[in-house]
Amino acid sequence: MYSHLYAAVSTGIDDWKSMPTLIYLYYNSWNRRGLLHGDIADTYISLGRGYGTLDLKNLELAKQLRHELHQHPEISNEEVWTKQHLINFLKKHTNLQIVDRGRWFYAIYRAGEDKKNIAYRADFDALPMPEVIDVPHASKNPGVSHKCGHDGHAASLAGFALEVDQQGADKNIFFLFQHAEETGEGAIQCATFIEEHNIEEIFAFHNMSGMAFNAINVIDGTAHCASRGMTIHMEGSPAHASQPENGVNPSFAIAKIIDAIPELTSPENNEGLVLCTVVQVNIGERAFGLAASKGDLLLTIRALYEAELDNLQKNLEDLAREQADQYGLKISFSFNDEFPETVNHKESSDKIRKVSQEKGFQLVEMKEAFRASEDFGHYTKLTKGAMCYIGNGENYPHIHTYEYDFRDEIIETAVELFKGLAEL
């Protein structure tokens with residue numbers, strides 16, 4: 001099987017780059033299966049560096065960084081160690097300018113004032129989930145672990161930064177390291193960065209299970225639904241359980257709101273997907289002598305289109321106020337974990353397609369958006385950009401599950417994709 005590569009490198013021709021796709025395809029295939037070694041590896045490394053392939057030392061540094069981040073996970077808005085460790089890594093291994101913005105930061109490679117400004121984003125927060133699988137780089141922080149792969153996202157972006165710092169680029173490259181993606185609070189705080197630096201385009205990737213291993217998955221338009229957590233608080237007055245007529249109980253009003261959800265979210269009444277998920281109903285106290293007087297209805301509302309999400313929220317608020325008036329209740333609303341719709345610009349998605357094809361990556365066209373939300377949409381409201389998805393494997397444990405761990409092999413794919421985009 002090595003004969004094709006031997007033939008490519010033993011021709012003696014000066015323009016061996018005329019066969020880069022052949023060499024790159026064989027390298028990726030063999031390296032990922034652990035078949036590249038000895039003279040073959042040395043030959044490829046020598047040729048590959050001239051072609052712009054990922055330096056193996058940089059790859060190992062990125063993998064080591066990923067493991068270190070995994071061992072010290074921190075939840076959204078508490079990523080103090082994580083942010084500083086990433087900054088220290090870049091200061092040690094690059095000459096990039098570092099701009100610390102408190103909970104988040106970015107690094108800059110400057111090619112010149114007359115060059116385009118392109119950004120790449122990675123998140124770095126973890127989840128409040130215990131580490132239960134046995135891995136050498138297991139979490140050392142009880143109850144917290146990287147079960148969404150943001151350790152791998154950040155390590156991949158850092159690996160890309162190493163390559164750009166060493167090999168250069170003809171664009172001004174901004175490496176954005178973002179906090180608090182899981183709660184939807186990070187990107188909206190970082191979004192000012194887009195206008196401050198006149199960012200012309202921004203890219204990101206997310207690892208994703210249920211997709212072919214190392215395949216690049218793309219979609220135009222909406223890639224992630226918009227969503228927000230909605231709490232409806234209702235308050236009446238207490239009464240003895242034997243005399244409920246003397247009090248004001250919110251239970252019936254809350255029940256009618258819940259009962260109306262199927263009609264409000266019906267496909268017949270909406271253009272795209274609209275969901276309203278009851279996540280908690282908390283009414284009254286665990287006291288059998290007391291009629292309930294306070295209640296909270298917690299909902300996650302979600303829609304393919306942000307306008308329909310806003311419409312659903314309005315309909316729920318109007319219905320809740322109507323019920324509050326009918327039963328004589330005080331009412332208030334609060335919101336958490338607010339995510340915009342994430343919309344990919346076709347021009348940016350097409351660039352991902354082009355690089356994937358040139359580098360020999362498997363390219364998959366997604367048929368529909370993810371129901372789950374992603375705050376990357378705050379950036380693509382302000383500039384061109386796109387997010388793609390690199391497959392963990394069709395049967396690999398899904399993100400946000402106990403069995404999941406980021407696959408180190410994806411780092412190389414992500415870095416090569418980012419490098420290709422920077423070269424367009």
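This is a predicted model: local features need pLDDT of at least 70, side-chain atom pairs count only at pLDDT 80 or more; totals for chains, interfaces and linings use all residues.
The largest pocket has a volume of about 620 Å³. The structure holds 27 salt bridges.

**Largest pocket**
- The lining counts 31 residues, and those closest to the pocket centre are His224, Phe370, Ala372, Ser373 and Ile399.
- Strands β5 (201–209), β8 (226–235), β12 (294–303), β13 (330–339) and β15 (363–365) each give two or more residues to the lining.
- By class, the lining splits into 11 nonpolar, 11 polar and nine charged residues.

**Asparagine 344**
- Asparagine 344 sits in strand β14 (residues 342–344).
- Its relative accessibility is 3%, so asparagine 344 counts as buried.
- A polar atom of its side chain lies 2.9 Å from the backbone nitrogen of methionine 387.
- Beyond neighbours within four places in sequence, asparagine 344 contacts residues including Ile219, Asp220, Ser349 and Met387.

**Salt bridges across the chain**
- Aspartate 408 pairs with arginine 66, with the closest N and O atoms 3.0 Å apart.
- Aspartate 408 is in the loop between β16 (384–393) and α13 (409–423) and arginine 66 is in helix α4 (residues 56–71), so the bridge ties parts 342 residues apart in sequence.
- Both aspartate 408 and arginine 66 are buried.
- Glutamate 338 meets arginine 228 at 3.9 Å, N to O.
- This pair links strands β13 and β8, 110 residues apart.
- Glutamate 338 is partly exposed at 41%, whereas arginine 228 is buried at 9%.

**Local bridge and network**
- Aspartate 318 and arginine 321 form a salt bridge (3.9 Å, N to O).
- Both lie in helix α10 (residues 306–327), three residues apart, about one turn.
- Shared partners join Asp220, Lys346, Asp350, Arg353 and Glu365 into one salt-bridge network.

Technical notes
Residues are numbered from 1 along each chain as its sequence is written. Side-chain values use heavy atoms; hydrogens and water are left out. On a 1 Å grid over the protein atoms alone, a cavity is a set of points where a 1.4 Å probe fits but cannot get out, and a pocket is an open set with protein on both sides within 12 Å along at least five of seven lines; lining residues have an atom within 4 Å of a point. Grid points are joined across faces, edges and corners, and a volume is the space filled by probe spheres set on the points. Helices (H or I, at least four residues) and strands (E, at least two) are DSSP runs, numbered from the N terminus. Ala, Val, Leu, Ile, Met, Phe, Trp, Tyr, Cys and Pro count as nonpolar, Asp, Glu, Lys and Arg as charged, and the others, Gly among them, as polar. Buried means under 20% relative accessible area, exposed over 50%, partly exposed in between (1.4 Å probe, protein chains only). A polar contact is a pair of N or O atoms within 3.5 Å; within protein, one must be able to donate a hydrogen and the other to accept it, and residues adjacent in sequence count only if both atoms are side-chain atoms. Contact means heavy atoms within 4.5 Å. A salt bridge is a side-chain nitrogen of Lys or Arg within 4 Å of a carboxyl oxygen of Asp or Glu.
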